[in-house]
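The following exercises are to be worked with the sequence and the three-dimensional structure at hand. Each task is followed by a solution in steps.

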Amino acid sequence: MNKEVKLLREDGLRLDGRRYDELRPIKIEAGVLNRADGSAYLEWGSNKVLAAIYGPRELHPRHMQNSMKAIVRCKYSMASFSVPDRKRPGPDRRSTEISKVIGEALESVIFTEQFPRTVVDVFIEVFQADAGTRVAGLTAASVALADAGVPMKALITACAAGKVEDTVVLDLGKLEDNAGQADLPMAIIPTTGEIVLMQMDGHLTPAEFRKARDMAVNACYQIYEMQKDALKRRYAAE
Amino acid sequence: MSEENVIAEIKRDYINNLIKRGKRIDGRKPDEIRDISITPNIIETAEGSTRVKLGGTELIAGIKIALGEPYPDSKDKGVMITTAELIPLASPDFESGPPRPRAIELARVVDRGIRESGAIDLKALKVPGSDKVFVVFIDIYPVDMDGNLFDAATIAVISALMNTRVPAAELTAGSETQMQDFQLPIKYYPISITGVKIGDTMVLDPTQEEEDIAGARLTVTTDVDGNIRAMQKGRIGRLSVEDIDYMVECSIEKGKEIRKLLMAEEKPSVPSQYPVL
């Protein structure tokens with residue numbers, strides 16, 4: 001690491017030329033895989049993520065079944081070549097935790113009680129990583145669930161904000177994430193404004209936290225429009 | 001789940017009866033291969049990468065290069081390691097967890113084709129004046145499974161190797177022998193062709209449904225000179241000597257066609273359903 005990475009430029013813009021409250025470019029495509037029941041491909045900055053849904057389907061072994069509702073099982077993982085130094089394939093503590101919080105966020109909007117004894121499998125694979133993979137993965141998975149036709153109360157949208165050089169900024173890039181002072185990934189239900197995922201690490205004053213939170217929530221509404229647009233394109237009449 | 005899928009009796013009969021008349025469920029002839037789309041350089045974090053679509057099967061191969069130790073019996077050569085992950089995203093038949101025999105077989109058959117053909121010039125991967133060598137990590141990720149992972153993976157891997165830059169400058173920085181980045185040297189272009197036996201007919205490039213009802217499977221990898229570089233018989237079932245001769249012949253002929261696509265400047269590209277991948 002360099003002695004002092006300069007994250008904000010003289011003109012007040014960020015290293016990649018974004019304003020403090022500007023998102024990286026996002027592209028979402030729904031229904032890209034044949035085998036999966038629902039799928040979505042998402043690019044967010046340099047992140048490249050696929051999400052696939054299988055289910056609701058029968059859950060084995062049977063003792064894992066819940067006779068009252070469907071189980072939501074999420075698996076987030078990163079391809080070995082998705083990061084600069086090759087990652088050993090297979091789960092690690094980080095991806096296990098991310099899978100857990102993403103699965104819980106998604107379960108909060110799925111009508112699980114309609115499908116007792118089943119499982120809804122959510123698979124997220126990161127093929128190219130550039131900070132913010134969990135919010136990218138969750139945003140893609142939500143579109144994939146809708147593509148699969150899984151009954152949901154609403155879509156979920158996720159975005160992160162954070163702090164670099166004592167400035168609260170939206171959607172940290174890789175350099176900002178590595179050298180920044182705080183990261184606050186969040187997911188909301190845009191139709192109600194409720195929060196279904198929130199993690200934070202670093203250092204924020206309560207005032208900075210509120211600013212970062214509002215910034216992330218506002219950005220979620222922009223991304224929500226892109227999610228809906230991807231689904232409309234997928235299901236528009238010819 | 002096992003490699004065997006449950007398939008409706010009526011569908012099994014339908015596929016079998018079609019093949020008796022030299023036809024297939026998707027309209028192909030028994031020796032016809034599905035459309036191939038090759039998209040190189042799709043992953044910036046990888047040293048080389050390619051996405052291949054073979055009909056409804058889609059797969060990504062990525063290459064990473066690191067500095068490492070040579071094998072004790074070949075200290076002047078670089079190392080290649082091939083891994084395949086049958087991620088559950090790609091098929092309801094794949095489960096997460098440690099690599100199962102099926103994933104290991106796929107990785108090893110692809111590895112053999114590349115290794116035994118001498119595709120990579122491993123001697124060029126020794127760091128001069130040092131005990132270290134470059135290690136080539138080949139990783140295979142199916143993302144949509146509709147049969148015949150072997151051939152899709154071999155095409156993706158050889159294409160990814162062809163567009164691999166060895167980041168030698170960064171990896172040797174600060175050491176005695178500072179090197180420049182260089183293109184991974186590829187000497188041969190092995191191509192595999194896989195067929196399965198359905199009834200009495202060898203059927204090339206099987207779909208998932210065809211694999212589900214097939215007997216024996218045979219993969220034959222050939223090089224540009226028409227020599228055989230790797231083979232693998234798989235699944236429960238029997239092959240005749242004639243079946244095997246036929247598959248060798250097919251592999252040489254079809255291999256030529258696929259090699260042409262691989263070398264073409266303009267890669268055949270089925271309009272992508274989604275932007276970059």
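**Exercise 1.** Determine where Asn148(B) lies and whether it is buried or exposed.

*Solution.* Step 1: Asn148(B) belongs to the loop between S5 and helix H3 (149-162) of chain B. Step 2: the model, which is a predicted one, gives Asn148(B) a phi near 50°, a positive value in a residue other than glycine. Step 3: the relative accessibility of Asn148(B) is 1%, so it counts as buried, the limit for that class being under 20%.

**Exercise 2.** Decide how the radius of gyration of chain B stands against the globule rule, and describe the chain as a whole.

*Solution.* Step 1: chain B contains 6 helices and 11 strands. Step 2: its radius of gyration is 20 Å, close to the 19 Å that the globule rule gives for 277 residues; chain B is therefore as compact as a globular protein of that length. Step 3: along the principal axes, the C-alpha atoms of chain B fill a box of roughly 70 × 40 × 40 Å. Step 4: of the 277 residues in chain B, 55% are buried. Step 5: among contacts in chain B with a separation of 6 or more, 68% are between residues 24 or more positions apart.

**Exercise 3.** Which residues does Thr83(B) touch, leaving aside those up to four places away in sequence?

*Solution.* Step 1: Thr83(B) is located in strand S4 (residues 79-84) of chain B. Step 2: from chain A, Thr83(B) touches Arg86(A) and Pro89(A). Step 3: from chain B, Thr83(B) touches Ala107(B), Ile138(B), Asp139(B) and Ile140(B). Step 4: Arg112(B) is 29 residues from Thr83(B) along the chain, and their C-alpha atoms are separated by 12 Å.

**Exercise 4.** How many aromatic pairs are found over all chains? Examine two of them.

*Solution.* Step 1: a search of the whole structure finds 5 aromatic pairs. Step 2: one pair consists of Phe81(A) and Phe127(A), which are stacked at 6.5 Å centre to centre with 25° between the planes. Step 3: Phe81(A) lies in the loop between strand S4 (71-78) and helix H1 (93-107) of chain A, and Phe127(A) in strand S5 (residues 118-128) of chain A, so this pair ties together parts that are 46 residues apart in sequence. Step 4: both Phe81(A) and Phe127(A) are buried. Step 5: in another pair, the ring centres of Phe134(B) and Phe182(B) are 6.0 Å apart and the planes stand at 70°, so the pair is edge-to-face. Step 6: this pair links distant parts of the chain, with Phe134(B) in strand S5 (residues 133-144) of chain B and Phe182(B) in strand S7 (residues 182-183) of chain B, 48 residues apart. Step 7: Phe134(B) counts as buried at 0% relative accessibility, and Phe182(B) counts as buried at 19%. Step 8: ring pairs also link Phe81(A), Phe127(A) and Tyr141(B) into a cluster.

**Exercise 5.** Check the span of helix H4 (residues 206-235) of chain A, and state which elements its buried residues pack against.

*Solution.* Step 1: at 1.5 Å a residue, the 30 residues of this helix should span 44 Å. Step 2: its end C-alpha atoms are 43 Å apart, which agrees. Step 3: the buried residues of H4(A) include Met215(A), Cys220(A), Tyr224(A) and Leu231(A). Step 4: the buried residues of H4(A) pack against several elements of chain A, among them strand S1 (26-30), helix H2 (133-148) and strand S8 (182-189).

**Exercise 6.** How many disulfides are found over all chains?

*Solution.* Step 1: the search of the whole structure finds 0 disulfides. Step 2: for Cys74(A), the nearest cysteine sulfur is that of Cys220(A), 17 Å away. Step 3: for Cys220(A), the nearest cysteine sulfur is that of Cys159(A), 5.4 Å away. Step 4: a disulfide requires sulfur atoms within 2.5 Å. Cys74(A) is in no disulfide, and Cys220(A) is in no disulfide.

Terms used:
Residues are numbered from 1 along each chain as its sequence is written. Chains are lettered from A and ligands numbered from 1 in the order in which they are written. This is a predicted model: local features need pLDDT of at least 70, side-chain atom pairs count only at pLDDT 80 or more; totals for chains, interfaces and linings use all residues. Side-chain values use heavy atoms; hydrogens and water are left out. Rings of Phe, Tyr and Trp (its six-membered ring) pair if their centres lie within 6.5 Å; planes under 30 degrees apart count as stacked, over 60 as edge-to-face and the rest as tilted. Helices (H or I, at least four residues) and strands (E, at least two) are DSSP runs, numbered from the N terminus. Buried means under 20% relative accessible area, exposed over 50%, partly exposed in between (1.4 Å probe, protein chains only). The expected span of a helix is 1.5 Å times one less than its number of residues. Contact means heavy atoms within 4.5 Å. The radius of gyration is taken over C-alpha atoms; the globule rule is 2.2 Å times the number of residues to the power 0.38.
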